[in-house]
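Please look over the sequence and the model shown here before reading on.

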Amino acid sequence: MIVFPKTVDEAMALAVELGGSYRAGGTDLQERRQHLAVLGQHTLAPIVDLRDVPGLDSVACDDRGAWIGAMTTLADLAAHRVLRERWPGVAEACEALANPQIRAVASIGGNLMQAPRCWYYRHPDYQCLRKGGTSCFAREGDHLFHVCFDTAPCVAPHPSTVALALVAYEAEVELIQPATPEPTRAPIQAVLGADAVAEHAIITTIRLGAPVANERSAYVRASNRAHAEWALAEVTVRLVLDQSGAIVFVRVAAGGVAPTPLRLSAVEDALVGVVPEPLALAKAAALARADAKPLAMTGYKLELLEGAVLEALERALQTSPSPSAITTPSQDGA
Amino acid sequence: MQTTRRGFLKSTVAGATATVACAKPQRQTAVGTHPKLPESAPTTDTVELNTHVNGERVSLRVGADHSTLNVVREQLGLTGSKLGCGHGACGACTMQLDGTPVATCLLPATKLEGRQLHTVEGIGPRSAGGQLHPIQRAFMAEDALQCGYCTPGFIVESAAFHDRFRAKHGAATPSRDEIAAALSGHLCRCGAYVAIYRAVAGACAGKFDDGPDQGPRIDALAKVTGAAKYSVDIAPEGLLIAKVLRSPHAHAKLGSIDWSGALAHPGVVGAIELTRPGHKLRYVGQEIVALAAIDEATAIEALTKVHVEYELLPAVLGLDAPLEPNAPELYAEKKARKAAPNANETPLLPETWRGNLRGPFELFSHNRGRARRRVERARDGEGELYSGSFETQVQLHTPLEPKAAVAEWLSADKLRVHASSQGVRQMAEDIATRWGLRHEDVEVIADYVGGGFGAKGLIYIEMVIAIELARVCGQPVKYANDRREELAVGGSRPGLRTTVSVTGAMDTLPAFVIDSRSDAGVAVGSSASILARINYPQADQHLSDYDVLNNAPPSSPFRGPGGPPMYFAIEQAIDALAITHAVDPIALRSSWNENDSRQRVYDWASAHPMWQARRPARSDTGRFRRGIGIATASWWCLAEPATRVQIDASRDGVVISTACQDMGNGSRTLLADVVADVLGVDPHSLTVKIGSSKAVHGPMSGGSRTATSLGPAATDAAIELRDELVEVARRRLKLANVRPIAGGVEHDGGRLTWTELLEVAPAISVTGKRGRDQGGFVLPPIADLAFSRYLSATVQISEVEVDTRLGRVRMLRSACGVSVGKIYSPLLARSQAEGGLVQGISYALFEERRLDPRHGTLLTGGLEDYRLCGLGDIGEIEVEFVPGGFERVRGQGVGIGELATLTPAATIANAVYDATGWRPTHIPLRPDRVLAGLAQTSGAQP
Ligand SMILES: Cc1cc2nc3c(=O)[nH]c(=O)nc-3n(C[C@H](O)[C@H](O)[C@H](O)COP(=O)(O)OP(=O)(O)OC[C@H]3O[C@@H](n4cnc5c(N)ncnc54)[C@H](O)[C@@H]3O)c2cc1C
Ligand code: SF4
Ligand code: FES
Ligand code: FES
C-alpha cells in the first residue's frame, strides 16, 4: 500500500495511522523491502511516500547558518556552491559517499535515518536485535567490519557518512514527532542511535550554525577499494589557525567505528593552541584510540582510525581556508 | 539461528520427485482491509503515473514497491538495462532521470511522475538524434566490453559524463581519476576497464564524434545499444516465473514438505521437489522446492507458504573443524561419496577417504622420494630451503548475468531452453539423456551470455528447475538466481591452504614438497599442485592434494582452476629462494627451464623496462612504499578436436555457424575474422550464427579451448568455400587462369568479387574441421577435450604501492607477457588477457566469500560486501603477445582466457615483499592484514 501525502503533518498522520514507513529517495528502504518480501507481503509496512510534500528539498543559507531540507539530495548538497565554500566538510562528505547514481536520488534525511549496513541485519534469514530478535549475531559471529568502540548491544557502526560531518559541525535537526505538535530541535547526535527518535518522527530540516571564517576541513575514508566502498573508518576534521599558525579551533569526528559517530574530544583538546608540527599531530591522532573497546576482529580499526585522523589533519592543513566571514570562532562552540 | 521459515513435524517418506500442478493461472487481485484514512489521501496498491520514457509519453500503472528497472523491463519491454545486483552497487540498471544517471533497481517507479527517463535504448540510433552517441562508438572501437551485460549501464553513465565534461571543458581529455570517480558506481565482472578508460577518454577528446557504426567485435553494436538479448531477457507468451525455497541450515536431514498452502495460493501453477524428504541437506542454500507462478511477487509470496521440517545435524566449516576427531562426516557412505560434486574440470579418479579428508592425490609427483630427501637435507642445512604456508580464500564467479534459463516444451517430447551457457551443445546432449528425448528435439539457445568464468559449462540445477517446472505446468518457465543466490550457490573457486618447501639454486633444479588442502565445500577433485609440475616439469616433486569436505556450497571450475591459489604459493616460494641466493628470480627460473614458450616470456620480462629499471628492495622507507614483483605461470593448451564450423554461402550472403556460444570471450568475432581473413573481405559482411545447439559440433567455452578449436575449423571451412568458388569461376563461368585474391578472384579477363560469384553459383555448404595437432595429443580426447603437447606461458611484472598508514595496497602498473602463438583477433585477445588480469587483481586484493562461522550462511551476499574491483583499482595494464612457437598446433594459436588470471596474486605478493619486506601469506590483502603483516616486520608507520 502506498500514500502520497501533500504536507508534513499529513505524512505523519498517515504514518501513525497506517504504521507506515517514510520513503524519501528509497535507496535504503527499497533494498530492505526486497528482503522483507521474501518473508511474505504481510511483513511490508505501507509506504508513506514523501514525493509530493513540497518545500523539503531546498537549501537556504546566510551568515547565521544553513537550513537544509531533509529531502535535498546528496548530489545537490555536494554541488551547492555556498555550502562548499562555507561548510566545506558537509559538502565533502556528501560527495565522498556511495556512488553518483545513488547520490543523485539519496536524500540527506534518508541518509541520517538509514538502517544498519550489518550483513546479518540485511540477511532475510536473521532476526537480530535490531529487527526485534533477541541476539546480536555479529557480536557472536563475523564482525570484521563492525565497531571498535563496543558501547551498545548492537555492534553495527552507524552507516551515515553525512552524520559524521554533521557531528563535526555540531548541527541540529528539526523534527516533528507524533507526541508533540510543535516541531522540536535536537542536536544531531540525539537522533542517530538505535531507537533515538520516536517512531514515525519525521526530519524536516538540518540546521548548520553560522559558518566559521578561515576554516579548513578534510574528510578521509579508510577503505580497501579506491571508490564506492563502505568506510572501514572515516574522519572529518575542521580547523582554524590563528596568525601565528597555532590551531585555535578544531573539530574531529569519526565514523565507521562506533554505534554513532564520535566526536574525538581527546584529540581536539590535544590540538587547541598547538602549532601543527608532525609530532604534535601524530601524538594527538594517537588519542583517537582513547576509550576504544574493540571486538575480537576489529582491533585493526583503531590503527585505521588513528591513521585516518592524522591524514585528515594533514590534509586539512594543506587546504586553503574558507572565506572570512562574520563570526569569530571560539573553541566553546560557534 | 532463528530462521524465518516455519517447519512442521511430520514423518518423512522418501519418494520419487513429486510434482504437482495446481489449477489454471489466475490474475491475482490484491485485496485488503485498509484502516480509516484522512479523505484527502486515498491509499492504493498501485499508482497511475504519467511520464516520458525515451522522449515518448507513457502512462503506467505501477505497484508501490515496483522499481523503475522492473517497470521498464517488464511493462515497457525495454530489456537493454539489466538487473545486476539489485542494491545500487553495480550500475547495470543505470538510466538517466532528467539527464542524471540513477540506479533504477532502487528507484521506486512512482518517482517517475512527470519526469524524463532515458534508457540505453534512448541513447543512440533510437534516440531523437537517431545517431550513435560518441560514447557508443568509442566503446565499440576500443572494445570496451566483453560479455556486454554491464555495457548498457556504462554507456548511459559515460554518455552523461561525456556530455557534462565536454560542455565544461570542450574537447579535453579527462584524467583517469576523473573517469574512475564518475564511473565508480559501475562494475564489470569481465574486467573491461582498461579499454573503458580508453573509450571514455577518447570520446571526451572528440575522437569518436563520427566514424563507423561498428567495431572490431562484430556484436558490439547490439551490446552498446541494448539490443542484445540475454537469457534473462527472453519472455515468451505465457511465461511463468520460478522461485526456489532453499535450506536455511548448513546440515540437516530433510523431513516432510507441505506445499499445499503454496499450491493453493492464487497465481501459483506448479511446484517441484528438488531434495527428497529423508535426504540430507549439506549446505545453506541447497535447493528444496521450486514453484512457478504468474509473476515473481506471487512466487515469492507463495514460497512463504511451503512448510518444511528439518532434523538438524551438526555442521562443520573451513579447513580445520572437519578434521577434528568427532567432526560429523559429510559423506559417510560410499554411494554418497561417489555422488559428491566435482569442483574440477577433469574427471575424478578414485581416492581414499578418511572422514572428511579425501586424498592425497599424488599422481603427478616426480621423483617423489628424492624430492623429500633433498628437502630434508636442506632443512638440515645442506643447501637453501624455503618453507611457507599460504592461504587463499573462496572466490565467487558471480558473472553479472546470473545462472538463468527459460524453458519451453514445444510438445510433449520437444524442448527449447534459453540458458546462460558456456556449452550449448553439451547441455543439449545432457538434457536429451536426462529427459529421455531425441537429440534433435532439444535445442539450447544462448545468443548472448553475460559472463560465465567456468560455472556455466555443464547443465546446472537452475536449468533443471526451469525445464522441469515448464513440463509440470505446461507453460514456459523462467528461473534466474537473484544476486544473493548467485553468490551463495552460483559457483566458486575453492579456497586453498598450501604448504610448500622448495630447495634449489641457479642451474640446480629445484625440489618441491607441496601439500595442499582444498576447501570446495561439499565438492571434491582438487589437483592444484599439478601446476608446480607443469611450470617446473624437470624438478623433483612430491605433490599431495587433499579435499577437506565441509558444509559450504559446492565449488565448481573457475577460470584457471587451482591456478591463482597454487601460483600464489609456489611463485612466492621461488621468489623467496631467489632472494636467499641473491639472484634475479627470472634468471633462476631460466636456469631450470627447457620449454620454449616459457623461455620467450622469461626473455621478454628480463628485457622489460619495468624490470630493468627496478630499484633495490625496500628502497622506500616513508609512508608509501613501492615495490616490483614478478611471477610466472604455465597453462595447458586444450582443444576440442571434434569441432566443426559450417559455412553456407548463397546469393543471400555468407553464414558461418557452429554450436558454440560467446560469453564475452569473442567467439562470434573470431569466426568472422578468420573467415574474412581467408576470403579477404570485411568481417562485418559475414553473418555468424552461434548460440544454438542445433548447429554442427562446436566447442564448450572452457579450458581456454575456444580459439584453438574454432580457428582452424573456420579456416578449413573458409578455404573450402574459397576453393569451391574458384571452381565455380572455372567451371561454370569458364574463366581462364582463375586465382583467389582478396575479396574475390582474378582471371585473365579481370576480376570478380565473391558476391558476384555467389550470384551465379548454386548454394554452397561446406564444413571445416579442427582435427588433431601434428604429432597428436598427450592423451586421446576425454569428453571431447584433448591436451596438446604444448604449454602456454606468461610472466607478469607488477608495481604496487603500499600505504603503511591505512593498510592499502594499490596497483600502479602491470605488464604481462603472454606466449600463446598466433593471435586470431588481436584487440579481442587483448581484452581477454586484460580481463583475466583484472579478475586476478580483484581476487588478490578484494574478493572474499565469508560465511557465518557457526551457521554457514553467506554474509557477503551482495556486491557491496562481495567486493569486485572497480575502475579505480587496477592501475595501468600492458599486455604483450610474445610471438612464436606452437608450430605443430593446428592453427598455431592456443587459448588465453585462463593464462592471464594465474599470476596477479603471486606477482602482487612478491611486489609487496619487495616494497616492505613482509611476505603476504593470505589473500585478499585487506587493510587489516596489511597492517598486521607490516607490524610483524616493524614496517608499519602511523
Ligand atoms: C552502493 C551503496 C553505497 C553506499 N555508501 C554509503 C556511504 O559510504 N555512506 C553513507 O552514508 N551512505 C551510503 N549509502 C547509503 C545511502 O547514502 C542511503 O541509502 C541514502 O542516503 C538514503 O537516502 P534515501 O533518501 O534514499 O532514503 P530512503 O531509502 O528513502 O529512506 C531511508 C530511511 O530513512 C527514513 N527516512 C527518510 N527520510 C526521512 C525523513 N525525512 N524523516 C524521517 N525518516 C526518514 C525512511 O523511512 C527509511 O527508513 C550507500 C548506498 C548504496 C546503495
Ligand atoms: S550488529 Fe546490530 S544489526 Fe548487526 S546483528 Fe548485531 S544487532 Fe543486528
Ligand atoms: S542492478 Fe542496480 S546497481 Fe546493480
Ligand atoms: S563486459 Fe562488463 S560484465 Fe561482462
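**Briefing on the model**

In chain A, A:Tyr219 stands opposite A:Thr236 of strand S10(A). The model is a predicted one, in which local features need pLDDT of at least 70, side-chain atom pairs count only at pLDDT 80 or more, and totals for chains, interfaces and linings use all residues. Residues are numbered from 1 along each chain as its sequence is written, chains are lettered from A and ligands numbered from 1 in the order in which they are written, and side-chain values use heavy atoms, with hydrogens and water left out.

**The sheet of chain A**

- Four strands of chain A, in the order S9-S10-S11-S12, make up an open sheet with antiparallel pairing, where strands (E, at least two residues) and helices (H or I, at least four) are DSSP runs numbered from the N terminus, and two strands pair if DSSP finds at least two bridges between them.
- S9 and strand S12 (262–263) of chain A are at the edges with a single partner strand each, so one side of each has no neighbour in the sheet.
- Strand S9 (residues 216–222) is joined to S10(A) by 7 bridges in the antiparallel sense, while S10(A) and strand S11 (residues 247–255) pair, also antiparallel, over 8 bridges.
- A:Arg238 has A:Arg251 in S11(A) as its bridge partner, and the hairpin of S10(A) and S11(A) has 5 residues between the strands, with A:Gly245 in the turn showing a positive phi of about 95 degrees.
- S11(A) and S12(A) run antiparallel and are joined by 2 bridges, and here A:Ala254 stands opposite A:Leu262.
- Strand S10 (residues 233–241) is mostly covered, with 8 of its 9 residues buried, that is, under 20% relative accessible area with a 1.4 Å probe and protein chains only.

**The site of ligand 1**

- The shell around ligand 1 has 32 residues, of which A:Tyr22, A:Gly26, A:Thr27, A:Ser107 and A:Thr161 come nearest; a residue counts as near if one of its heavy atoms lies within 4 Å.
- Chains A and B both contribute residues around ligand 1, so the site is shared between chains.
- H7(A) gives the largest share of the shell, 4 residues, and the elements of chain A that each supply at least two residues are strand S2 (21–23), helix H2 (29–38), helix H7 (108–113) and strand S8 (202–208).
- By class, the shell holds 15 nonpolar, 12 polar and 5 charged residues.
- Oxygen atoms of ligand 1 lie 2.9 Å from a polar backbone atom of A:Asp28 and 2.8 Å from a backbone N or O atom of A:Leu29, and a nitrogen atom of the ligand is 3.3 Å from an N or O atom in the side chain of A:Gln114.
- Of the 980 Å² of accessible area that ligand 1 has on its own, the protein covers 96%, as computed by the Shrake-Rupley method with a 1.4 Å probe.

**Elements of chain B**

- Helix H3 (residues 151–169) of chain B has 19 residues and spans 25 Å from its first C-alpha to its last, close to the 27 Å expected at 1.5 Å a residue, the expected span being 1.5 Å times one less than the number of residues.
- B:Gly170, which follows H3(B), has a positive phi near 70 degrees.
- In strand S9 (residues 268–273) of chain B, 6 of the 6 residues are buried, so this strand is largely enclosed by the rest of the structure.
- S9(B) runs antiparallel to strand S11 (residues 287–293) of chain B, to which 5 bridges join it, and B:Val268 has B:Ala293 in S11(B) as its bridge partner.

Conventions: A polar contact is a pair of N or O atoms within 3.5 Å; within protein, one must be able to donate a hydrogen and the other to accept it, and residues adjacent in sequence count only if both atoms are side-chain atoms. Ala, Val, Leu, Ile, Met, Phe, Trp, Tyr, Cys and Pro count as nonpolar, Asp, Glu, Lys and Arg as charged, and the others, Gly among them, as polar. Buried means under 20% relative accessible area, exposed over 50%, partly exposed in between (1.4 Å probe, protein chains only).
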